[in-house]
Amino acid sequence: MEFEQVYDLYFRDVYRYILKLSGSEHVAEEITSDTFFKALRSIGKFRGSCDMRVWLCQIAKNCYSPVKSCPLPLTRTRSSAPVKPAFCGR
């Protein structure tokens, strides 16, 4: 299966999974993007011992875990409400 097909087939599942974990559309978009980037780089390591969806969601969970626990200071947006940045170490 071509990677483009993998992306088209599983993007929505991975996005929904992270959206449910994070509660943030922005975080879900970023983590989903990171997930498919990492999956593309390591597709050769996929052994097929589990469903592709499970493998991708595990990558997504691993991408999300540091974000979830990252204590970042609050910043202000133009609309003035304090906002906690989604990612650390970038």
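Student: Which residues does T32 touch, not counting residues up to four places away in sequence?
Tutor: This is a predicted model, in which local features need pLDDT of at least 70 and side-chain atom pairs count only at pLDDT 80 or more, while totals for chains, interfaces and linings use all residues. Residues are numbered from 1 along each chain as its sequence is written, and side-chain values use heavy atoms, with hydrogens and water left out. A contact means heavy atoms within 4.5 Å. With residues up to four places away in sequence set aside, T32 touches F11, V14 and Y15.

Student: Is T32 buried or exposed?
Tutor: Buried stands for under 20% relative accessible area, exposed for over 50%, and partly exposed for what lies in between, with a 1.4 Å probe and protein chains only. T32 has a relative accessible area of 0%, so this residue is buried.

Student: Which element holds T32?
Tutor: Helices (H or I, at least four residues) and strands (E, at least two) are DSSP runs, numbered from the N terminus. From that end, the elements run α-α-α-β-β, a total of three helices and two strands. T32 falls within residues 25–42, that is, helix 2.

Student: How far apart are the end C-alpha atoms of helix 2?
Tutor: The expected span of a helix is 1.5 Å times one less than its number of residues. For the 18 residues of helix 2 this gives 26 Å, and the model agrees, with the end C-alpha atoms apart by 26 Å.

Student: Which residue caps the N-terminal end of helix 2?
Tutor: The criterion is a polar contact: a pair of N or O atoms within 3.5 Å, where within protein one must be able to donate a hydrogen and the other to accept it, and residues adjacent in sequence count only if both atoms are side-chain atoms. At this end of helix 2, a side-chain oxygen lies 3.4 Å from the backbone nitrogen of H26, and that oxygen belongs to S24.

Student: Which residues of the largest nonpolar core touch the most other members?
Tutor: A nonpolar core is a set of buried Ala, Val, Leu, Ile, Met, Phe, Trp, Tyr and Cys residues joined through side-chain atoms within 4.5 Å. Of the 19 residues in the largest one, the two that touch the most other members are I31 and L56.

Student: Which element gives the largest share of this core?
Tutor: Helix 1, helix 2 and helix 3 are the elements that give two or more residues to this core. The largest share is nine residues, and they come from helix 3.

Student: How far apart in space are L56 and T35, C-alpha to C-alpha?
Tutor: L56 lies in helix 3 and is buried, at 0% relative accessible area. Its contacts beyond four places in sequence are V6, Y10, V14, T35, F36 and A39. L56 and T35 are 21 residues apart in sequence, and their C-alpha to C-alpha distance is 6.9 Å.

Student: Which residues does M52 touch, not counting residues up to four places away in sequence?
Tutor: M52 also has its place in helix 3, and at 14% relative accessibility this residue counts as buried. Leaving out residues up to four places away, M52 touches V6, Y10, I43 and F46.

Student: Which residues are linked in a network of salt bridges?
Tutor: A salt bridge is a side-chain nitrogen of Lys or Arg within 4 Å of a carboxyl oxygen of Asp or Glu, and a search of the whole structure finds two. R53 pairs with D13, the closest N and O atoms being 2.7 Å apart, and R53 also pairs with D51, at 3.6 Å. The linked residues are D13, D51 and R53.

Student: How many residues apart in sequence are the parts that the pair R53 and D13 ties together?
Tutor: R53 forms a salt bridge with D13. R53 lies in helix 3 (residues 52–68) and D13 in helix 1 (residues 3–22), so the separation in sequence of the parts tied together is 40 residues.

Student: What is the relative accessible area of D51?
Tutor: R53 is partly exposed at 36%, and D13 is partly exposed at 26%. D51 is partly exposed too, with a relative accessible area of 38%.
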